[in-house]
Amino acid sequence: MALHVRGVLLPDDEVRDLWLVGDRVTFTPVPGAQTVVDGGFVLPGLVDAHCHIGIGRGGVPITSLDQARELARVDRDAGVLAIRDAGSPYPYPELEDEPDLPRLARAGRHIAPPKRYLRDIGVEVGAAEVAAAVAAQARAGNGWVKLVGDWIDRGVGDLAPAWDADTLTAAVRTAHDAGVRAAVHTFSESAVEIMVRAGVDSVEHGTGLSLDLIDEMARQGTALVPTMINIATFGGIAEHARAKFPGYAEHMLALRDGFPEVVRAAHEAGVPIYVGTDAGGGIDHGLAAEEMLLLHERAGMTPLDVLAAASWGARDWLGFPGLVEGGLADLVVYPEDPRRDLRVVRAPSRTILRGRVLR
């Protein structure tokens, strides 16, 4: 049966009627449709643009589809109806079309340097093997590859690029030649500079960004997914490492403390910013609303800009059309205006995914 929804449609900011026919949206009335929403504020389903449903708590790879389903449902129940999985050690293409799970944009496994990333998570390769690994992981995902651009180098005692600049640049080119987009994990100043100038499609975290690079990202349309929840954990990382790597510890704290201004500057420069929690490993699932609040409270983004970063803007970026004619039938409803009080996004009153009422 077709469903009828009436409410204040965002970002249009006017009371609209829309109908959900199967998995599609239409503004043409459908006789006999069941009214399931009459009032409130309606927006396209939220997105977690940096999430890992293939990694369990503590950084342990999952071992079954049921585990991935369980994690995805935690995000779904928080209003996240589309996920970009930014690297998974466990493949799960079967979940892309499951009717009660968020839509999935997937990278394959992380591509990382040997013994310089989280154990058992990435494909660890030397410089000579990076291009082949990128091509393989492009086939394993459905539109993205994930590169580890830097990590601690214990010989240096601080963050350092994963490979040399030529290798990193070639990795981005290989991804584009394979018809996919490249996302890069970066904390350091040096690695993010290499990757932005290489034309990477999205910078994950990006604590080392400078004003010059921010301007370059804006010109190129390179996205930033700040994962501010993740950056807040840098204090614990620093304290754990301080005894052996004091320089690294101080560097991580400085990156953490300066990051809100980095995100603010990126937003003011016009860099596309999207909400991502880095759920999986050290970050719990279901925290998209908390990431949204951090972007507002600490980075100064307006509630409307945060909503775009978590909803219609992120969906367009990932290729999941929102509440437009012929768009996808995913929506969340809030009883009060989230533009006035963003805390409303913590508790959707109605959730509809793929044209089916879940809440």
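Q: What makes the residues around Ala 183 count as touching Ala 183, and which are they?
A: Contact means heavy atoms within 4.5 Å. Leaving out residues up to four places away in sequence, Ala 183 touches Arg 84, Trp 144, Val 145, Lys 146, Leu 147, Val 200, Ser 202 and Glu 204. This is a predicted model, in which local features need pLDDT of at least 70 and side-chain atom pairs count only at pLDDT 80 or more, while totals for chains, interfaces and linings use all residues. Residues are numbered from 1 along each chain as its sequence is written, and side-chain values use heavy atoms, with hydrogens and water left out.

Q: Why is Ala 183 called buried?
A: Buried means under 20% relative accessible area, exposed over 50%, and partly exposed in between (1.4 Å probe, protein chains only). Ala 183 has 3% relative accessibility and therefore counts as buried. Ala 183 is found in strand β14 (residues 181–186); strands (E, at least two residues) and helices (H or I, at least four) are DSSP runs, numbered from the N terminus.

Q: Why does Val 203 count as buried?
A: The relative accessibility of Val 203 is 0%, so Val 203 counts as buried. Val 203 lies in strand β15 (residues 202–205), and 6.0 Å separates its C-alpha atom from that of Ala 183, 20 residues apart along the chain. Beyond neighbours within four places in sequence, the contacts of Val 203 include Val 184, Thr 186, Met 217 and Leu 224.

Q: Why are α2 and α3 called roughly parallel?
A: Helix α2 (residues 130–140) and helix α3 (residues 165–177) pack at about 30°, with axes 9 Å apart. Axes are lines fitted to C-alpha atoms, for helices over the stretch in contact, and angles run from 0 to 180 degrees between N-to-C directions. Angles under 35 degrees count as roughly parallel, over 145 as roughly antiparallel, 65 to 115 as roughly perpendicular and the rest as oblique. The two helices, α2 and α3, are therefore roughly parallel to each other.

Q: Which residues make the contact between α2 and α3?
A: Val 130, Ala 131, Val 134 and Ala 135 of α2 meet Thr 167, Ala 171, Thr 174 and Ala 175 of α3.

Q: What makes a group of residues a nonpolar core, and how many residues has the largest?
A: A nonpolar core is a set of buried Ala, Val, Leu, Ile, Met, Phe, Trp, Tyr and Cys residues joined through side-chain atoms within 4.5 Å. The largest has 94 residues, and Ile 53, Leu 209 and Met 292 have the most contacts inside it. Helix α8 (residues 246–269) gives the most to this core, with 10 residues.
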